[in-house]
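This report concerns a ligand and the protein around it. Please view the sequence and the model together while reading.

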Amino acid sequence: MSERRIPFLKMNGLGNDFVVWDAREAPVRLDPDAIRQIGARDGGIGFDQMITVERSPGGADAFMRIHNRDGSEVDACGNATRCIGRLLMEENGSAAATIETNAGLLKASATDSPRRVTVDMGRPRFAWNEIPLAEEFHDTRAIELQIGPIDAPILHTPSVVNVGNPHAIFWVRDPGAYDLSRIGPMLENHPMFPERANISLAHVLSDDEVEVRVWERGVGLTEACGTAACAVGVAAARDRRTGRKVRVHLPGGPLDIEWRESDDHILMTGDTEVEFEGLLDPETLTFEKTAPGDRPILEVVR
Ligand SMILES: N[C@@H](CCC[C@H](N)C(=O)O)C(=O)O
C-alpha cells in the first residue's frame with residue numbers, strides 16, 4: 001500500500017458521473033492506463049469523466065482538467081462544470097465561481113437550491129473548421145453525412161456545433177428506436193470528425209422541449225451530457241426548430257438551456273449530486289469509500 005492515498009469525491013450531474021481530485025496543493029498524476037483502470041465499471045471506481053481541480057493560471061477560482069473514461073483529455077464537460085461550480089461556491093461561501101477550462105473561462109452561479117447550478121458555457125462555434133470537420137461546409141445546420149444504405153440511410157444530415165467540444169446532432173422521430181451502442185462508435189469515429197465527436201439523437205417535442213440520447217466521445221452511452229444538451233439547444237434554435245429556451249430531457253433527467261440573445265452565450269441549469277467520498281491508492285489503484293465528514297465538500301479531497 002502506498003503511503004499517500006489520494007482523497008476523492010464521486011459526483012454526478014443527472015447520472016453523468018465523475019471522480020473529482022483536488023490537485024491545487026499536491027499534483028495528482030494518473031496516466032491513461034490508470035484512468036481506464038479506475039474508471040472501469042467492473043472493479044474500478046467507475047465513472048464517465050475524471051475531473052482534476054488545479055490552480056488557475058488565468059486567475060479563476062480554479063482550473064478544471066477533464067479526462068474521459070478512455071483516458072483522453074478533453075476541453076469541456078458541462079455537467080462537471082456545474083459540479084465543480086457547486087464545490088467552489090460552497091468553499092468560497094459565495095453565489096458565483098469562475099472556472100478555467102481548456103475551452104475558456106466559465107462562470108457558475110447559484111440558484112434557489114444548493115444542488116441546482118447554472119453555468120455560462122460561453123459562445124457556440126459553427127464554422128466547419130471550428131467543429132472541426134474534415135471537409136469544408138458553409139452551412140453546418142445540416143451537413144452531408146449518412147450511415148446505412150445510400151438510398152435508405154439509418155441516420156443522415158446532422159447539425160454540427162462546437163460548444164467547447166465537437167457535437168453532431170441527428171434529428172429523429174424516436175431517439176429510443178436506434179441501437180445507439182452500435183451506431184455511436186461508427187459516428188464518433190467517422191472520418192468526417194478528425195477529433196472524433198459526441199453524437200446526439202434528438203427529437204423536438206415542442207417549441208421549448210427536446211428529448212435527447214447521447215453517445216459520448218471517449219465514454220459511450222451516458223445518462224446525460226451537459227455539452228450535448230447545450231449543442232442540441234443551440235442547434236434547434238438556430239434551425240428554428242425551437243425557441244432559444246429549451247428543456248432538454250436526457251435519460252438521467254432534464255437540463256434547462258438558454259441561448260441568450262444579448263451576448264450569444266449558452267446558459268445551462270441543472271442538478272448536481274455528491275455520491276460518496278473515498279481514498280485511492282495510486283500504486284495499486286485500489287480504493288475504499290470513506291464516511292462523509294462535516295466539512296465543506298472540496299476540503300474532503302485535499
Ligand atoms: N459529459 C460531458 C462531456 C464530456 C466530454 C465529452 N465526452 C467529449 O469527449 O467531448 C458533459 O456533461 O458535457
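How far from a nitrogen atom of the ligand does a polar side-chain atom of Q49 lie? The distance between a polar side-chain atom of Q49 and that nitrogen atom is 3.3 Å. The model is predicted, so local features need pLDDT of at least 70 and side-chain atom pairs count only at pLDDT 80 or more, while totals for chains, interfaces and linings use all residues. Residues are numbered from 1 along each chain as its sequence is written, and side-chain values use heavy atoms, with hydrogens and water left out.

| Residue | Ligand atom | Distance |
|---|---|---|
| Q49 | nitrogen | 3.3 Å |
| N198 | oxygen | 2.9 Å |
| E216 | nitrogen | 2.9 Å |

On its own the ligand has 360 Å² of accessible area (Shrake-Rupley method, 1.4 Å probe), of which the protein covers 100%. The shell around the ligand receives two or more residues from helix 2 (78-92) and from helix 4 (226-238); helices are DSSP runs of H or I with at least four residues.

In total, 15 residues surround the ligand, the closest being N16, G78, R217, G226 and T227; a residue counts if one of its heavy atoms lies within 4 Å. Four residues of this shell are nonpolar, nine polar and two charged, with Gly counted as polar and Asp, Glu, Lys and Arg as charged. Because domain 1 (6-122 + 272-301) and domain 2 (146-264) both contribute to the shell, the ligand lies between them; the bounds come from an automatic or database domain assignment.

Technical notes: A polar contact is a pair of N or O atoms within 3.5 Å; within protein, one must be able to donate a hydrogen and the other to accept it, and residues adjacent in sequence count only if both atoms are side-chain atoms.
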